[in-house]
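Me: I'm new to this structure and would like to learn how to read it. Could you walk me through it step by step?

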Amino acid sequence: MAVVPGESAVGRAGLAEGSAGATETGERLQKVLARSGLGSRRACELLIVEGRVRVNGSPARLGQRADSAHDHIEVDGIPLPVREGLAYYLLNKPVGVVCSASDPQGRQTVLDLVPEVPRVFPVGRLDVSSEGLIVITNDGELAFQLTHPSFGVMKEYVVEVEGKLSKEAVGQLRRGVQLEDGLTAPAKVSVLTPSSARVSIHEGRNRQVRRMCEAVGNPVRRLVRTRIGPLSDPALVPGMWRDLSVREVRDLWKAARGPLPPVRATSISAGS
């Protein structure tokens with residue numbers, strides 16, 4: 001093949017592989033990736049060249065075509081969250097609403113606040129007396145990653161407590177608190193007022209923050225979850241929900257999987 005002067009290696013690979021994928025259906029893979037919020041088409045071409053993209057379990061080729069509705073596309077081992085039928089919501093749960101699909105006592109549940117179709121489920125729990133952010137989806141694989149204790153996605157809460165938070169109490173929270181089900185992992189604690197603090201934990205024990213605060217002598221009066229991994233939304237009022245963007249879904253995967261390699265800056269010729 002003749003090489004155009006100044007043409008990049010990525011550009012030459014694209015020309016070579018384009019003909020090989022001519023019989024494939026769907027769109028060019030770099031276009032699918034770019035539309036999913038992973039960067040420009042040229043940045044997505046680099047992801048493919050670096051071997052970070054797989055389609056249906058096989059390494060992707062530059063110029064390959066793919067159908068996001070039917071093909072399983074992964075970048076750095078993370079599924080591309082554009083598969084047909086998947087829904088991802090962020091809900092600000094009000095006090096009194098139950099985090100379950102149904103309630104034998106007839107109380108309102110989080111699923112009463114989001115669309116009925118497709119069928120979804122809450123990821124993790126907030127007790128009925130607590131409020132704040134919760135992810136609701138039908139992506140079981142992502143739900144597992146977010147709730148399994150070995151993945152350690154941080155969740156942030158603002159708590160208002162009875163009494164004043166002493167230095168000793170804050171120190172205990174930061175070191176870990178002995179509960180009936182064992183010693184907790186250290187919490188990140190930032191004191192806001194004498195009776196309130198921002199507390200971040202990565203474990204998911206039942207009513208953990210409430211039990212930790214009670215154990216150090218400061219029972220919780222109000223608890224609001226303000227962040228789940230990278231997700232926060234101060235503008236989302238209690239009882240309201242919104243769709244997660246593709247980038248937000250991928251960011252949740254990153255939080256569960258740990259740091260991923262960045263997309264390197266590069267120069268790709270206009271001929272690619």
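Reply: Gladly! Keep in mind that this is a predicted model. Let's start with a helix: at 1.5 Å a residue, the 12 residues of α7 (residues 246–257) should span 16 Å, and the end C-alpha atoms are 17 Å apart, which agrees.

Me: Which residues of α7 are buried?

Reply: Buried means under 20% relative accessible area. In α7 the buried residues are E248, V249, R250, L252, W253 and A256.

Me: Which residues touch the most other members of the largest nonpolar core?

Reply: Those are I136 and V159, in a core of 33 residues. Two or more residues each come from β7 (88–93), β9 (131–137), β10 (155–161), α5 (167–175), β14 (196–201), α6 (208–215) and β15 (220–228). There is also a second, separate core of 18 residues, and W253 and A256 of α7 are among its members.

Me: What is V159 in contact with, beyond its neighbours within four places in sequence?

Reply: V159 is in contact with S195, S196, A197, V199, V209, C213, R222 and L223. Of these, C213 has a relative accessible area of 2%, so it counts as buried.

Me: How do I read empty space?

Reply: Rolling a probe the size of a water molecule over the atoms shows where empty space is left. Here, the largest pocket holds about 500 Å³ of space. It is lined by 26 residues, and R125, L126, R205, R207 and R225 are the closest to its centre. The elements giving two or more residues to this lining are α4 (140–147), β10, α6 and β15.

Definitions and conventions:
Residues are numbered from 1 along each chain as its sequence is written. This is a predicted model: local features need pLDDT of at least 70, side-chain atom pairs count only at pLDDT 80 or more; totals for chains, interfaces and linings use all residues. Side-chain values use heavy atoms; hydrogens and water are left out. A nonpolar core is a set of buried Ala, Val, Leu, Ile, Met, Phe, Trp, Tyr and Cys residues joined through side-chain atoms within 4.5 Å. Buried means under 20% relative accessible area, exposed over 50%, partly exposed in between (1.4 Å probe, protein chains only). Helices (H or I, at least four residues) and strands (E, at least two) are DSSP runs, numbered from the N terminus. Contact means heavy atoms within 4.5 Å. The expected span of a helix is 1.5 Å times one less than its number of residues. On a 1 Å grid over the protein atoms alone, a cavity is a set of points where a 1.4 Å probe fits but cannot get out, and a pocket is an open set with protein on both sides within 12 Å along at least five of seven lines; lining residues have an atom within 4 Å of a point. Grid points are joined across faces, edges and corners, and a volume is the space filled by probe spheres set on the points.
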